[in-house]
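Here is a friendly briefing to read alongside the model. Please keep the viewer open as you go through the points.

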Amino acid sequence: MKLIYTGKTKNVYALPNGNYLLKFKDDCTGKDGVFDPGMNEVGLTIEGVGDVNLRMSIYFFEKINAAGIRTHYVSADLKETTMEVLPAKVFGKGLEVICRHKAVGSFYRRYSDYIQEGADLPAYVETTFKDDAKGDPLVTEDGLVALGIMTHEQYVDIREMTRQITQIVADDLKAKGLTLYDIKFEYGYDAQGKVMLIDEIASGNMRVYKDGKYIEPMDLSALFFA
């Protein structure tokens, strides 16, 4: 294997078969020893976090693949905390896709003149550039197409895939007495331009509540696999 990228929470290796291997780490983003999935720097190490992130990713990727939705997931090795994935190009320099079931966080801060905090949303999908220096700016479909980052057809695929995947996650959480407020995804595309879900599906990428109380990511992982 050849190391091609050292990330904050995962390292990426090239495999002889043309696929890639993601090695999950126990490093977490945060600041001053406090876990914060929104931060862009490693702030602490939590033993076992790589394992639970991989476990949750395996669980949902297998379920999403079985539903006929394209992902980069091939297989995983829990003993080695690794996941084999298909090659994929990211959109632009990195794009995050958020699906919101409730008006909270940055959505509520932007639009609080027009909606109550915690109000229901109809699987609202928005896209932001991964750019900490610019505050992860929002970008519309028209902007993505005009900038040459994706086609209209790719955007439509991403929007529909996001809503389908979000419902799969929300239904599983609901069965455990948990309510999904919003979730963040990343997408890429293959050599033919076909869109696929990439990266991971872990507790740090979603905002989940139980009985009206926010559940911290590490607590959510424990509840999910209880």
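In this predicted model, Lys-10 and Asp-199 join their side chains in a salt bridge, with N to O at 3.3 Å. The pair ties together distant parts of the chain, 189 residues apart: Lys-10 belongs to strand β2 (residues 10-14), while Asp-199 sits in the loop between β14 and β15 (206-210). Lys-10 counts as buried because its relative accessibility is 11%, under the 20% cut-off. Asp-199, at 21%, counts as partly exposed.

- Strand β2 is mostly covered, with 4 of its 5 residues buried.
- On one side of the pairing, β2 runs antiparallel to strand β1 (residues 2-6), and 4 bridges join the two.
- Tyr-5 has Val-12 of β2 as its bridge partner.
- The β1 and β2 strands make a hairpin with 3 residues between them.
- Strand β3 (residues 20-24) also pairs with β2 in the antiparallel sense, here over 5 bridges.
- In that pairing, Tyr-13 stands opposite Leu-21 of β3.
- The hairpin of β2 and β3 has 5 residues between its strands, and Gly-18 takes a positive phi near 95° there.

- Which residues of β14 (residues 195-198) are buried on each side? Val-195 and Leu-197 are buried on one side, and Met-196 and Ile-198 on the other, so both faces of the strand are covered.
- Side chains in a regular strand alternate between the two faces of the sheet.
- Strand β13 (residues 179-189) runs antiparallel to β14, and the two are joined by 4 bridges.
- Glu-186 is paired with Ile-198 of β14 as its bridge partner.
- A hairpin of β13 and β14 leaves 5 residues between the strands, and Gly-193 in the turn has a positive phi of about 85°.

**Other salt bridges**

- How many salt bridges does the structure hold? The count is 14.
- Glu-186 also forms a salt bridge with Lys-130, with the closest N and O atoms 3.0 Å apart.
- This pair again links distant parts of the chain, 56 residues apart: Glu-186 lies in β13, and Lys-130 in the loop between β11 (120-129) and β12 (138-139).
- Glu-186 counts as buried at 16% relative accessibility, whereas Lys-130 is partly exposed with a relative accessible area of 39%.
- Arg-163 and Glu-160 meet through their side chains in a salt bridge of 3.5 Å, N to O.
- Because they are 3 residues apart in helix α4 (residues 152-175), about one helical turn separates Arg-163 and Glu-160.
- Arg-163 counts as partly exposed at 34% relative accessibility, and Glu-160 is partly exposed with a relative accessible area of 34%.
- A network of salt bridges links Arg-100, Arg-110, Glu-126, Asp-182 and Arg-207.

**Helices α1 and α5**

- In helix α5 (residues 217-224), the buried residues are Pro-217, Leu-220, Ser-221 and Phe-224. They cover an arc of only 100° around the axis, so they lie on the same side of α5.
- The axes of helix α1 (residues 49-66) and α5 come within 11 Å and cross at roughly 55°. That angle makes α1 oblique to α5.
- The α1 and α5 crossing is left-handed.

Conventions: Residues numbered from 1 in each chain as written. Predicted model: local features only at pLDDT ≥ 70, side-chain atom pairs only at ≥ 80, totals over all residues. Heavy atoms only, no water. Buried < 20%, exposed > 50% of the residue type's maximum accessible area, 1.4 Å probe, protein only. Arc of directions from axis to C-beta. Pairing = 2+ DSSP bridges. Salt bridge = Lys/Arg side-chain N within 4 Å of Asp/Glu carboxyl O. Axes fitted to C-alpha atoms, helices over the stretch in contact; angles between N-to-C directions. Parallel < 35°, antiparallel > 145°, perpendicular 65-115°, else oblique. Left-handed = near helix turned anticlockwise from the far one by under 90°.
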